[in-house]
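Work through the following exercises with the model open beside the text, and try each task before reading its solution.

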Amino acid sequence: MKDTTIDSRSRERITRTLALTAAPALALLSAGAAHAQEAAAAAVPVVDKGDVAWMLTSTLLVLLMTVPGLALFYGGLVRSKNVLSVLMQVLAVFSLIVLLWVTYGYSLAFGGGNAFIGTFDKLFLKGVDKASLAATFTAGVSLPEYVFIAFQSTFAGITGALIVGAFAERIKFSAVLLFSAIWFTFAYLPIAHMVWYGPDGYLFAKGAIDFAGGTVVHINAGIAGLVGAYFVGKRVGYGREAIKPHNVTFTMIGASLLWVGWFGFNAGSNLEATAGAALAFLNTLLATAAAALAWSLVEKVIKGKPSMLGGASGVVAGLVAITPACGTVGPFGAIAIGAIAGAVCVWGVHGLKRLLRADDALDVFGVHGLGGIIGALLTGVFSSPALGGFGLGAGNETIAQQVGVQALSVGITVVWSGVVSVIAFAIVKLLVGLRVPEESEREGLDITTHGESAYES
């Protein structure tokens, strides 16, 4: 019989040969397994704790803008007999809309749908839990959906609260709440969906740029306020007697809180704690500073003295104007937008207001409406890389094309908000009436509507 045993030297040689032959195959198998693991990891959205912390902070900052920021800004501008009524209107409208947002607003704005409105798929936050996620601007990076819902609720809430300044000091409290609910449902939600619901939103698909709400928030609210000023009518004594702010210090504090909170409003709209948030943050700082100085300079030239009220109003005008552009323009583009808005809005609260013949009590249209229009159009200019910006909207290759799309978004917002506001005020007038009796207005809404007074006589 033939001997089949293998000596140690032969065994070593065979082992070496097998190892060399198998090595490439093992390497390929190992690489394939690693690639599969990487692909699987990439398919799972990443939730960054830093992003979550920043977005929760931004949500708190937007709340700060509204209560107490906007409330104090408006409260200081009215007469002392109406200060509590305005504070209460801001608080109540914000609270009402936040509740409507989680009930059905979020679903209609961000719950699927067509190019113009969402669906009821997420009615009462159906399907939303601690594990559900919302997309950000970076592929594969997400936020807990609860965070996104909370953040967006504050945007809806402050938009409704902005409107009340236009018809302050003479409207029924019940009328404010009923109008706010109707307008939120039929004006705010469709515009928010068209502008912000990704590539499926009508205006987003057109390449319109509205980083943080120039159209959705400010133009939308400004038009509603102007319509409301016409419907409710002028205050008793308007144009015949002096109607002065009772506490400009309150207004200054409110404007300062608005500026601080607006960093959450604008930089938070980046949805991530990245360089994009830093750009929006810096632009918000610079545009506002430029607007405050521009407004004061124009006042100095026209009236001979720059006022504190004018400086505070300039702050708000700059914040409004940079809102749609804060994520796409460069720092010097932001300064230009702020300076232009600050100068033009002086005319908005004086010359334009007289031309419109409306008692827009706290200049909601003159600052938010006009400032929002200026900001939206200039976004199309200064977002161009040729002017230091970071890119035009999808499908737009020239400044002229982008400005055209911006004008389209402004036009749609003006018309849609205007039509809805007219219908909403007509319904409210029919159901509960709009205006308090003249005797109540003369005495002041603090006592006649809320049964309390801000100051002891």
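**Exercise 1.** Determine the strand order of the open sheet and find which strands lie at its edges.

*Solution.* In this predicted model, the open sheet has three strands in the order S1-S3-S2, and their pairing is mixed. The next step is to look for strands that pair on one side only, and these edge strands are S1 (46-47) and S2 (133-135). Turning to the pairing itself, S1 and S3 (residues 141-144) run parallel and are joined by two bridges, and Val-47 has Ser-142 as its bridge partner in S3.

**Exercise 2.** Which strands does H2 touch where it packs on the sheet, and which does H4 touch?

*Solution.* Helix H2 touches S1 and S3, and its direction makes about 50° with that of S3. Helix H4 also packs on the sheet, where it touches S2 and S3, with its direction at about 70° to that of S3.

**Exercise 3.** Describe how H2 and H4 are arranged relative to each other, and characterise the residues of their contact.

*Solution.* Begin with the axes: those of H2 (residues 49-77) and H4 (residues 145-163) come within 9 Å and cross at roughly 15°. Because angles under 35 degrees count as roughly parallel, H2 is roughly parallel to H4. The crossing is left-handed. Residues contributed to the contact by H2 include Val-52, Met-55, Leu-56 and Tyr-74, while among those from H4 are Phe-151, Phe-155 and Ile-158. Sorted by type, the residues of this contact comprise 14 nonpolar and four polar, with no charged residue.

Definitions and conventions:
Residues numbered from 1 in each chain as written. Predicted model: local features only at pLDDT ≥ 70, side-chain atom pairs only at ≥ 80, totals over all residues. Heavy atoms only, no water. Axes fitted to C-alpha atoms, helices over the stretch in contact; angles between N-to-C directions. Helix = DSSP H or I, 4+ residues; strand = E, 2+ residues; numbered from the N terminus. Parallel < 35°, antiparallel > 145°, perpendicular 65-115°, else oblique. Left-handed = near helix turned anticlockwise from the far one by under 90°. Contact = heavy atoms within 4.5 Å. Nonpolar A, V, L, I, M, F, W, Y, C, P; charged D, E, K, R; others polar. Pairing = 2+ DSSP bridges.
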